[in-house]
Amino acid sequence: MLARGRSGLCLALCAFGLALLGDVSRAVPVDDQDYYLQEITNRDHYYSFPYPGEEFFPFTEQPGEEGPIRAAEPEERPGFKPSRKELKQKKNNKKGKSVLETPPDCPPLGLETLKITDFQLHASTAKRYGLGAHRGRLNIQAGVNENDFYDGAWCAGRNDPYQWIEVDARRLTKFTGVITQGRNSLWSSNWVTSYRVLVSNDSHAWTAVRNESGDVIFEGNSEKEIPVLNMLPVPLVARYIRINPRSWFQEGSICMRLEILGCPLPDPNNYYHRRNEMTTTDNLDFKHHNYKEMRQLMKTVNKMCPNITRIYNIGKSNQGLKLYAVEISDNPGEHEVGEPEFHYIAGAHGNEVLGRELILLLMQFMCQEYLAGNPRIVHLIQDTRIHLLPSVNPDGYDKAYKAGSELGGWSLGRWTQDGIDINNNFPDLNSLLWESEDQKKSKRKVPNHHIPIPDWYLSENATVAVETRAIIAWMEKIPFVLGGNLQGGELVVAYPYDMVRSMWKTQDYTPTPDDHVFRWLAYSYASTHRLMTDARRRACHTEDFQKEDGTVNGASWHTVAGSINDFSYLHTNCFELSIYVGCDKYPHESELPEEWENNRESLIVFMEQVHRGIKGIVKDVHGKGIPNAVISVEGVNHDIRTGADGDYWRLLNPGEYVVGVKAEGYTTATKTCEVGYDMGATQCDFTISKTNLARIKEIMRKFGKQPLGLSARRLRQRARRWQQR
């Protein structure tokens, strides 16, 4: 009897403990629970699925559950009523406007942008870790070695109709659509050709998306890269959504990348979501702008700030679209002596749209802040001539824009109309320099700066995009000191060299003589970005750049010949870096405010770095500026040259430097210049005089005579002596 009493007491205590655990787990927000506790209490085992012939995923309401899945009722939720913009979708599509930028329903949840974490993705099985559910993100790219931790999709461990991949939205969400791709791979072909969609409130009881005839079987992909969008017949409100492949490529296996479209429902009681919601106070035009809208926005900025802005173009694209730029300066239209020139460019890859929109937002922001009297922005504009070129490849952008922010895939619109990658279309000057250095006895000497462009590249038959030629002419005309080209698909700042020196390697750290300066410039952007140096963030695709604080030497990442960064460094005075501003090349319009907040401070800080180092004017004894004088720094095998007015800027880190100057026909000079830690370049002027030979030549030219060579004089003297005999 005593034993029975004890056993009964134990059972009662166990039951009470389980009930208490259930109550606690329901009381604590899911986001704050231990992830593995969720896994234990919320997941069904693979073999819990019914066998063929059984009813597949029936929905039955259980006591204590949140209730059955229901279709969204827009009339009861005013927040989901379509806007005027949404009601005009068909009209806009006829005009060639992007489908997803006038969305019929909801934006992406964020698998591609990483807003959905790895812990929110689950799958029935996986071939291996590198093909797990966390790799099933739209447009994710595989690593160089595909059989590693970073493969290009989620791939099920078995090919049967009971496999699934699931997304936990962590809150009630109105699901409206699914976008799918196959596996990103050079060596295999795997994709799903049809699938079902199921939703749940608790991850135990599921209901399939249905129509009048039964469960909806959605058509999947016919190849592995082009995204396919399927909208749900009726939007459904739930927390979990599951994709169940039904058929797949016959010669492949079940592999998917996906994105979910959905609108999270308001949840004011959940502190986690309120804490992580990003908002901006800047009153800017957060939308994607086609070519016409971009031009109109530039006009609007110019109209608001006519005294500090100027619109101009640097040339035309292959299809005849002008490459517009906006200049921001206190004296637009002309170079001011002693004032450095800076530029941002974007859109060399037409489908990398985020950089384009960030530049358009930046020009609006600077105009507004200048008018508001922001001392930081006013000072920057007064002391710097800034050039913003948002779309280098408007032809490629037009292709990506028409497809939409999620349906262009990884490469649609990347190249120019004639199939050229602008970013790698510049002349390879690295090889010329390195060959000259390796062959010291070679008759052909190549300078360490301002290396001339080879004749073959300038010929009409050379494979050079008209956009590339326009950029080169622009860079040669304006004495840029610092520049950044905004790209997408990663979160990192890459600095030169971008090309490895050894022809036998594809990845190798290849520093410039100014490596320490470039590393600082890269870090100045990365360290002020909200995510680049965040050790908690997930890698976009395969590379983890945290060990270098969100920066990377281009050649150590992947070698590229003829990059804009290497060309700029070796052909002009400009230090150029590639800034990859987001994992998603073409984020949805709803993501733009957050992306602006991520990059705003970095964009400003990087511009301010143009005032770091030394600056000055090289003059003759009469006070006239000497153009094309060579400025050298002891210990740094890279020189720069003065501009047309004799002014120069040399980016340097804090320290003491011996600086020299030389110019044809003038004496050389050196002095010690110290660079401090405070922002602002150190003034380091030079006054040099002409050499004796240059003075004699100048006098002879003035009086219409040319100086005679010594050998000719001797010959004439001998001739006179012979005649006198």
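**Strand 16 and its partners.** I began with strand 14 (residues 341-346), which pairs with strand 16 in the parallel sense over six bridges. I took two strands as paired if DSSP finds at least two bridges between them. Helices (H or I, at least four residues) and strands (E, at least two) are DSSP runs, numbered from the N terminus. The model is a predicted one: local features need pLDDT of at least 70, side-chain atom pairs count only at pLDDT 80 or more, and totals for chains, interfaces and linings use all residues. Residues are numbered from 1 along each chain as its sequence is written, and side-chain values use heavy atoms, with hydrogens and water left out.

His343 has Gly483 of strand 16 as its bridge partner. Strand 16 also pairs in the parallel sense with strand 19 (residues 575-582), again over six bridges. There, Gly484 is bridged to Leu577 of strand 19.

How many residues of strand 16 are buried? I found eight of the eight in residues 480-487, so strand 16 is largely enclosed by the rest of the structure. Buried means under 20% relative accessible area, exposed over 50%, partly exposed in between (1.4 Å probe, protein chains only).

**Whole chain.** I noted 18 helices and 27 strands. Buried residues make up 53% of the 725 residues. Of the contacts between residues at least 6 apart in sequence, 76% join residues at least 24 apart. Contact means heavy atoms within 4.5 Å.

**Disulfides.** I counted a disulfide where a pair of cysteine sulfur atoms lies within 2.5 Å. By this rule the count comes to five. With bonded cysteines counted along the chain, the pattern is 1-4, 2-3, 5-6, 7-8, 9-10.

I looked at Cys155 and Cys255, whose sulfur atoms are 1.9 Å apart in a disulfide. This link is right-handed, with 115° about the S-S bond. The pair links distant parts of the chain, 100 residues apart: Cys155 sits in strand 3 (residues 154-155) and Cys255 in strand 11 (residues 255-264). Both Cys155 and Cys255 are buried.

I then turned to Cys305 and Cys367, joined by a disulfide with S to S at 1.9 Å. Their torsion about the S-S bond is about 90°, so this disulfide is right-handed. It links distant parts of the chain, 62 residues apart, with Cys305 in the loop between helix 6 (291-304) and strand 12 (309-316) and Cys367 in helix 7 (residues 353-372). Cys305 and Cys367 are both buried.

Which parts does the disulfide of Cys673 and Cys684 tie together? I found S to S at 1.8 Å for this pair. Cys673 lies in strand 25 and Cys684 in the loop between strand 26 (682-683) and strand 27 (686-687), so the link ties together parts that are eleven residues apart in sequence. Both cysteines of this pair are buried.

I checked Cys574 separately: it counts as buried because its relative accessibility is 1%.

**The sheet that holds strand 25.** I traced an open sheet of four strands in the order 22-21-24-25, with antiparallel pairing. Strand 22 (636-641) and strand 25 (669-675) are at the edges with a single partner strand each, so one side of each is left without a neighbour in the sheet. The twist averages 30° from one strand to the next. Strand 24 (residues 655-662) is joined to strand 25 by seven bridges, and the two run antiparallel. Val661 has Ala669 of strand 25 as its bridge partner.

**Helices 13 and 16.** I looked up the packing of helix 13 (residues 515-526) on helix 16 (residues 592-608): the angle is about 150° and the axes are 8 Å apart. Axes are lines fitted to C-alpha atoms, for helices over the stretch in contact, and angles run from 0 to 180 degrees between N-to-C directions. Helix 13 and helix 16 are therefore roughly antiparallel to each other (over 145 degrees; under 35 counts as roughly parallel, 65 to 115 as roughly perpendicular and the rest as oblique).

From helix 13, Leu521, Ser524 and Tyr525 meet Asn599, Ser602, Leu603, Val605 and Phe606 of helix 16. I sorted the residues of this contact into five nonpolar, three polar and no charged. Ala, Val, Leu, Ile, Met, Phe, Trp, Tyr, Cys and Pro count as nonpolar, Asp, Glu, Lys and Arg as charged, and the others, Gly among them, as polar.

**Helix 10.** In helix 10 (residues 430-438), I found Asn430, Leu432, Leu433, Trp434 and Ser436 buried. Helix 15 (564-571) is among what covers the buried residues of helix 10.
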